Amino acid sequence: MTTDHRSTRDPGAVRDLVLVGHGMVGQRFLEAWTEQPAARGWRVTVLAEEPRPAYDRVHLSSLFGGSTAEELALCPGGFLTEHGIDLRLADPAAAIDRSARLVRTASGTEVRYDVLVLATGSVPFVPPVPGTDAPGCHVYRTIEDADAIRAAAASARTGVVVGGGLLGLEAAGALRAGGLDTHVVEFAPRLMAVQVDDGGGTALRRRIEELGVTVHTGVGANGVLTGPDGGVRGLALSDGRELPAELVVFSAGVRARDQLARDCGLPVGPRGGVVVDAHCRTEDPAILAVGECAQAVDGRVYGLVAPGYQMAETAARTVAGLVGSSSARVGSEGAGSEGAGPDASGPAGEGFTGADTSTKLKLLGVDVASFGDPHGTADGALDVLYSDSRSGVYRKLVIGTDGALLGGVLVGDTEGYDTLRPLAVGGRPLTVAPEQLVLPAGFSSAGPVALPDDSVLCSCHNVTQGAVRAAVRDQGCDSVAAVRKCTRAGTGCGSCLKRLGTVVGEELEVAGGSAFKGLCEHFAHTRAELYEIARVTGVTSFTELRDRHGSGDGCEICKPTVASILASLGNGHILDGEQGALQDSNDHFLANLQRNGSYSVVPRVPGGEITPEGLIAIGEIARDHGLYTKITGGQRIDMFGATVDQLPAIWSRLVDAGFESGHAYGKALRTVKSCVGETWCRYGVQDSTALAIELELRYRGLRSPHKLKAAVSGCARECAEAQSKDFGIIATSAGWNLYVGGNGGMTPRHADLLVADVDRETLIRTIDRYLMFYIRTADRLERTSVWLERLEGGLDHLRAVVIDDSLGIAAELDELMNRHIGAYQDEWAATLADPERLRRFASFVNAPGTPDPAVTFVPERGQIRPARPGETGHTLNAPVLVAGARPEVLTP
Amino acid sequence: MTVQIHDGTRWRTVCDLTDLQPGRGVAVLLPDTGQVALFRGRAGELYAVDNLDPFSGAPVLARGLLGSRGDRPTLISPMYKQVYDLTDGRCLDEDTAPDGTPAVLRRWPVRAVAGEAAA
């Protein structure tokens, strides 16, 4: 036996902190401890059982998706060295000698401590039934466990997971990922019995069974069946059935690892766990315990990582605080347990008195959330619920007799969780009828629910909404970026950034009267502000704009927005130079990305008028390239199934046949739909087709905050549906009526009449200014219908600006439109003419011309469609003879 | 400079560095091992991850935008806009793909070496 004596120059000053266990909570303790000023002058030794430093156990299942053990590592490279921490791997603590203040390790080393922190975690619970030690039986907690399961899965066909809770379903996901026929056996009558109710369990079960996992509830494991070689051959169930399987994973809960504490006489709870107070101190003032091995002051043992982290931080403050205020307390002889403590808040400030165990997670791809009191255990608690078995959505809210939200269960659709959880945890009354909140996203007409300031906004760094408001109000933060720097809110996972932006905006509005509507984390400006900056300063690149007015490397919000602004202002071809790196999915290849990675192609057909030769050309091109064709809602023809390397060839023929880009891929003018008008129609009063063609050619290629759709009807019968368009014109016997701000689609809006009975010239001038005013002032992806609703002063203001020039900008707007019309060029013809622009149209950089083998099709109704998973399709590298490709086959 | 990706067995030359536009990606076809999305960041750094988008099952990630979230360099799927941390391949928006597997992209070792790529 060796004893670890270390020489010190000043034994009075240097003290020993020993941490037992280097799991997630142990590592968090070390991080929190090293941030304490009091940590200087302490030596830290960590005794770890596992052969590797702390790693992210929560994401263990990612090992089955290609992650490596290194990627799960939590302890950064230089962390231990930097803080002089002595981490001893694979040498667990074996015994504690409290009187001598020594820990003895499995290898026989003795380590002296002044303060000892236990973070030994828990062990998986394996039911006491026969056969659980047979080869093929596993638990699921460590990287080694995961490796063993993966190795065993390679030669197994069927796997059974015992336990249908959170961990069990994680393990089932891992087995599914390994390609195993997977069963889940749960003793309780439903899955995730702790977190969800019967209805939620049923919805969850249905969704999981759809993924091919077989679920058995209300049965236990009676024993593991073994074959002649001693290996697993199945599982005997309590209802007498036998499930054949080569692999069994026990994931039926965990038990606190408190043996060290028991052996040295420290009190443990009735269901395990070292008893600690609100400051994570055990009965022995020199020993603390944190995480899953401890029973918190509320009598619970928390098996989630977030409460563990809170305990780790509390323990670090306890040790530091006590040392700082009275070095005689922790680690000194004779100091009794704290009891009620000398002051209510305790020596280390905020203690750990319990945690919210609300959870939101995705198990096997199914969204599940549970918060507050999900089972409605309070007296008089009432349920409000929505259940739709077709879509697998189940949402229940528990409401108290006073109308306060107490808790809830959300399965299949967890929309609103971030708002509902703090309300339930705080026991707040609802400001909105609960039946509105329980409806899934898109069905509810309820406005936003006001959250209290003590609700946590950023859970990664535990920043409340009130702290964010205070940073704006009292600390002079005037942007999301400043608030992030000041409070650290939003710097963790980033999931709260949207709400952070809203709260900062609200507070800035209160403070200075101007609402914050920053685009994203990289720009604190609105789209309209960025447009003005670019227009006035003449900035022509994202980098320049970012350097002067933003930060970071951009994202899917600001890059396409800036690309659109630069295009609206006329900055040459959208694929040239740096602009090419900003274009969103469709603009990037000047085509519409479809679900299997192929593209569709839409040539412009102005006003929907097309010659027979044009129709034949499109037909021939589609036939020769094996494309699927469909008539669009905008009176043109869409050709589907092209791969990126086919696009130039297809477009080369379209351009030769006289077609040009239809901008179906862009946030730009799409079509100006029309009826045949007075030329043919016996009711028509004006030539709607001619006007539609003129307008479509005038505004083609005009990039805007969102797509623009238009129509011209030749009479009041409105066959072109002009009143559902961004701008629509209806012929009258005296001229034209112009309607604006209409929309079809998801949120229909009937357009408003802007001007009536005007002549062609007035009409076009009014549309010019309306469009340019919209492009100048709208938010990103804001259709004209929403913009008009939001526009201060509404239709009257719009009329004043574009007719009476109330802002004095009409000449500018006219000039911008003239510039656009003058600079228009067909993007596709210009692309084909430039080898540099064409370079990107290769499926593979190292194999140009090779069609993507992963984009395949099968025949259907005489054409092609994308092959579904599991179907064997063909690629479109050469014209493919599709069964029934000839028109006559389409006739039954 | 040529760009090489390690396919698990050896380094394979896949293109010339000038084939990569800063801020954008290209797809690479590796024999037997499938498709890789190769990117060049604005500062010149190289990244290589799976080209297959776990959420759509389509080989499209090479066509995504690059960006940043906080200090992390990110890739945004062109299909449904999930954001991935390029330093570890992990999806920052969702933990799990629709098929229940973890939403993590495999990362491939990538380097630029002196010399010209063979035509």
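Predicted model: local features only at pLDDT ≥ 70, side-chain atom pairs only at ≥ 80, totals over all residues.
Me: What makes B:Arg42 and A:Asp553 a salt bridge?
Reply: Their closest N and O atoms are 2.8 Å apart. The rule asks for a side-chain nitrogen of Lys or Arg within 4 Å of a carboxyl oxygen of Asp or Glu. The pair of B:Arg42 and A:Asp553 therefore counts as a salt bridge.

Me: How many salt bridges does the rule find across the interface of chain B and chain A?
Reply: It finds 4. Polar contacts were counted too: 22 residue pairs, both at pLDDT 80 or more, join chain B and chain A in this way.

Me: Which elements of chain B give two or more residues to the side that touches chain A?
Reply: Strands S2 (11-16), S3 (24-30), S6 (65-69) and S7 (72-76) of chain B do. By class, that side has 21 nonpolar, 11 polar and 12 charged residues.

Me: How many residues does the contact take from each chain?
Reply: Chain B gives 44 residues and chain A gives 55. Contact here means heavy atoms within 4.5 Å.

Me: How much area do chain B and chain A bury between them?
Reply: About 3900 Å², with 48% of it on carbon and sulfur atoms. The figure is summed over both parts, so it is not the loss of one chain alone. In chain B, the residues that lose the most area to chain A are B:Leu29, B:Arg42 and B:Arg63. Together they make up 17% of what that side buries.

Me: Why is the space lined by A:Asp553 and B:Arg42, among others, called a cavity?
Reply: The largest cavity holds about 80 Å³. Its lining includes A:Asp553, A:Lys559, B:Arg42, B:Glu45 and B:Tyr47. S6 and S7 of chain B each supply at least two lining residues. The lining divides into 4 nonpolar, 4 polar and 4 charged residues.

Me: How many cavities of 30 Å³ or more are there?
Reply: The count comes to 4.

Me: What makes A:Arg595 and B:Ser56 part of the lining of the second largest pocket?
Reply: Lining residues have an atom within 4 Å of a point of the pocket. The pocket's volume is about 1100 Å³. The largest share of the lining, 3 residues, comes from S39(A). The lining has 20 nonpolar, 11 polar and 10 charged residues.

Technical notes
Residues numbered from 1 in each chain as written. Chains lettered and ligands numbered in written order. Heavy atoms only, no water. 1 Å grid on protein atoms, 1.4 Å probe; cavity = no way out; pocket = protein on both sides within 12 Å on 5 of 7 lines; lining within 4 Å. Points joined across faces, edges and corners; volume = space filled by probe spheres on them. Helix = DSSP H or I, 4+ residues; strand = E, 2+ residues; numbered from the N terminus. Nonpolar A, V, L, I, M, F, W, Y, C, P; charged D, E, K, R; others polar. Buried area = accessible area lost by both parts, 1.4 Å probe. Polar contact = N/O pair within 3.5 Å; in protein donor to acceptor, adjacent residues only side chain to side chain.
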